[in-house]
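Subject: Structure handover

Hello,

Here is the structure you are taking over.

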Amino acid sequence: MSRVFKLKSSDNETFEVEEAAALLSETIKSSSSTEITVPNVKAEILGKVVEWCNKHAESEDTKDQLIKEWDAEFVSVDQHVLFKLITAADYLQIKELVDQLTQRVGDMIKAKTLKTVEMTYPTFNVEREVQEELKSLGF
Amino acid sequence: MAPSTRRQICSNANPNNKRVKKQDQTKEGQEQVDRNAMAVDTLLPHLPDLIVHKIFRLIPTKLAIRSTIVSKQWASVWSLGAPLLDFDDEGDSTDHDGDNLVRRKLLFIDFVESCLKHCEKKKLLELDSFRLRMRYDSELIGATRIDKWFSFVVDRCVKELDISIQRKDDNDPAESTYYCIPHTILNAQFLTSLNLEHVRIPESTGLISLPSLKTMSLTAVLFDCQMNWNKSLWMGCPSIEHLSLVSCSFSSLVWHITVKNSSLKFLQVMYCKCKSFLVEAENLESFIFTSEFSQLEYIGLLSECVRLKYISVYAQHAKIIFEMPRTCRDNVKATIDIPNLRGFRYEGYLLPNDVISLKARNPLAAIIKLNWDDEEEVLEPTFLPPWTHFPTWRYFLQNFDCCNKVELDIRHDAIAEAITFPENFRQTFSPPLPNVKYLKVLIVRLRCPQTVARVSALTDSLRWMAPYALFTLTFWDYGEAESSEEDE
């Protein structure tokens, strides 16, 4: 009989998670109660994290091709969502999810698809100093 | 160590690639600036510092530095301790346009220096890894300029250094075309891993002190130093565990290499040009040696190497004498492939699981000394009947069938008993040394006068071992020859 954990988001939505999935989180593992509130994480994000945990709990072999494809899909989200997922996964200390998400950020930076200031605000008047620095470094 | 994805750095700050966009020069009000300043932070929202640090490990230096310009949080994580600085000039051998080549090289140097300046400005405190790969042209850039980069990096407690500074022309015999590593590198207190390629290690003017170094890997390095220096290198690395020397060359004064270090566990020496190689390492577990140098004369693993478990030696051309550790107590697996081996000295305790595989051609003289541990009053279980070690002992002897001469030194008569093949064994198996021409056996330290029967059994066994050999058997007791039997 496996235990059921309850995860509560910052906007008061509760997710029920089976033990196997829940224990992927170190935070939950070391918690004394089965009801955990995750601060600063909204339901939309928490829901996705739970989805990831459920997927990874049911499949034993993480090197499986199907799981890899699923993971690749999972991290292909909007930049905004990506960063929020990282914060949530970090709080819950789900190492593998954190690794996958940060790898995605790294990949986006390398592929220059990560939106930073200059790219979405082409007319943004960057402070003079920053602009000079960029220029001097040949960026 | 950094993952290999990092290699693809677009490091050249080529003017054609400059990304400075033509910004709208409209004047913005202070409000607008404020709002935009906030916009900066919402695009790269606050992430836990550890996560940012993780991300830095995944991206090339150029992009990491760019990120520190656009985000204050990322800049602060960076300044506390950047994980990695990685500079690679991506080789230039295929670019034949001389002018362009020079320009690219100068741009690379400028890029490295601006990055370092940027780090200094952001008050970078600590650096984990520094990796530099470039071609060295002493006409374009003075060595002292590069030395400064290393000083900068060592000052920031760098832990891993991976340096490859190749000469403009690899085939140039002049030693002055090498980049000499500065002494600061040999005194980096926090360094745990050092990888040097194509550089020159000059004669040291000061103490070498690398107290945290665990791994050292030297490839195509020129050692330019006196005999004593090479000892002080090993003494300066008290924690080193893993040492690899590949294709290293030594200035002519240092052709006899001794590696003496008590913490070393793994030693690999490949294609190094030295005349003799000695190892004195109490904790060494694994020794791999490959050489094609025809002037190699001697390889010796000295008696201090008691923990050796694995030995692999391959020396193609040289006429060598090879000596194996004397007091190895663990089971040793040794593969020795030296076609022109002149002499082989083995000294050990013959344990049942010693696997020694010897490949050599004639003429070869092997000396096998079998020791007895005086502290052990009780015979090892395998030396008591029923004897189970004979097949192993026979297999061990077979290795020496390629020899001309075999000398067996038995240091205790208890061993003499143990090596006497019993009659039924002799009738079932073929002799292990049919090709040996001279067999000399020396047995030391009789407990009591051997009975005629025992001596006779021993002689039979020995004669069976090498049926076509000229055979000599001598008994010694504390250095005195007691009796000697010679037979054809």
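The notes below go through the model chain by chain.

This is a predicted model, in which local features need pLDDT of at least 70, side-chain atom pairs count only at pLDDT 80 or more, and totals for chains, interfaces and linings use all residues. Residues are numbered from 1 along each chain as its sequence is written, chains are lettered from A and ligands numbered from 1 in the order in which they are written, and side-chain values use heavy atoms, with hydrogens and water left out.

Chain A

Chain A has eight helices and three strands. Helices here are DSSP runs of H or I with at least four residues, strands are runs of E with at least two, and both are numbered from the N terminus. Their order from the N terminus is β-β-α-α-β-α-α-α-α-α-α. Of the 139 residues in chain A, 45% are buried; buried means under 20% relative accessible area, exposed means over 50%, and partly exposed is in between, with a 1.4 Å probe and protein chains only. Among contacts in chain A with a separation of 6 or more, 60% are between residues 24 or more positions apart, a contact being heavy atoms within 4.5 Å. Chain A exposes about 7,700 Å², and carbon and sulfur atoms supply 48% of that area. Accessible areas come from the Shrake-Rupley method with a 1.4 Å probe, and for residues only the protein chains shown count as cover.

Helix α3 of chain A covers residues 43–58. Its 16 residues should span 22 Å at 1.5 Å a residue, and the end C-alpha atoms are 22 Å apart, which agrees. The expected span is 1.5 Å times one less than the number of residues. The buried residues of α3(A) include Ile45(A), Leu46(A), Val49(A), Val50(A), Trp52(A), Cys53(A) and His56(A). Among the elements that cover the buried residues of α3(A) are β1 (4–8), β2 (14–18), α4 (65–75) and α6 (95–110) of chain A.

Chain B

Chain B comes to 11 helices and 24 strands. Of its 488 residues, 51% count as buried. Among contacts in chain B between residues at least 6 apart in sequence, 58% join residues at least 24 apart. Chain B exposes about 22,800 Å², with 52% supplied by carbon and sulfur atoms.

Over all chains, the structure holds 22 aromatic pairs. Rings of Phe, Tyr and Trp (its six-membered ring) pair if their centres lie within 6.5 Å; planes under 30 degrees apart count as stacked, over 60 as edge-to-face and the rest as tilted. Phe87(B) and Phe111(B) form an edge-to-face pair, 5.8 Å centre to centre with 80° between the planes. This pair links distant parts of the chain: Phe87(B) is in strand β1 (residues 82–88) of chain B and Phe111(B) is in helix α5 (residues 98–121) of chain B, 24 residues apart. Phe87(B) counts as buried because its relative accessibility is 0%, and Phe111(B) counts as buried at 3%. Phe87(B) and Phe111(B) also belong to one aromatic cluster with Phe130(B), Tyr136(B), Phe150(B) and Tyr179(B).

Two arginines lie over rings. Arg156(B) is over the face of Phe152(B), at 3.8 Å from the ring centre, and Arg167(B) is over the face of Tyr178(B), at 3.9 Å from the ring centre. The criterion is NZ of Lys or CZ of Arg within 6 Å of the ring centre and within 35 degrees of the ring normal.

Two strands pair if DSSP finds at least two bridges between them. Strand β20 (residues 365–370) of chain B pairs with strand β21 (residues 405–410) of chain B in the parallel sense over six bridges, and Ala365(B) stands opposite Lys405(B). Strand β21(B) also runs parallel to strand β22 (residues 438–444) of chain B, joined by six bridges; there Asp409(B) has Leu442(B) as its bridge partner.

An open sheet of three strands in chain B has the order β5-β7-β9, with parallel pairing. Its edge strands are β5 (200–201) and β9 (249–250) of chain B, each pairing on one side only.

Pro211(B) is in the loop between β5 and β6 (215–219) of chain B. Pro211(B) is partly exposed, with a relative accessible area of 30%. Leaving aside neighbours within four places in sequence, Pro211(B) is in contact with Ala188(B), Gln189(B), Gly236(B), Pro238(B) and Ser239(B).

Regards
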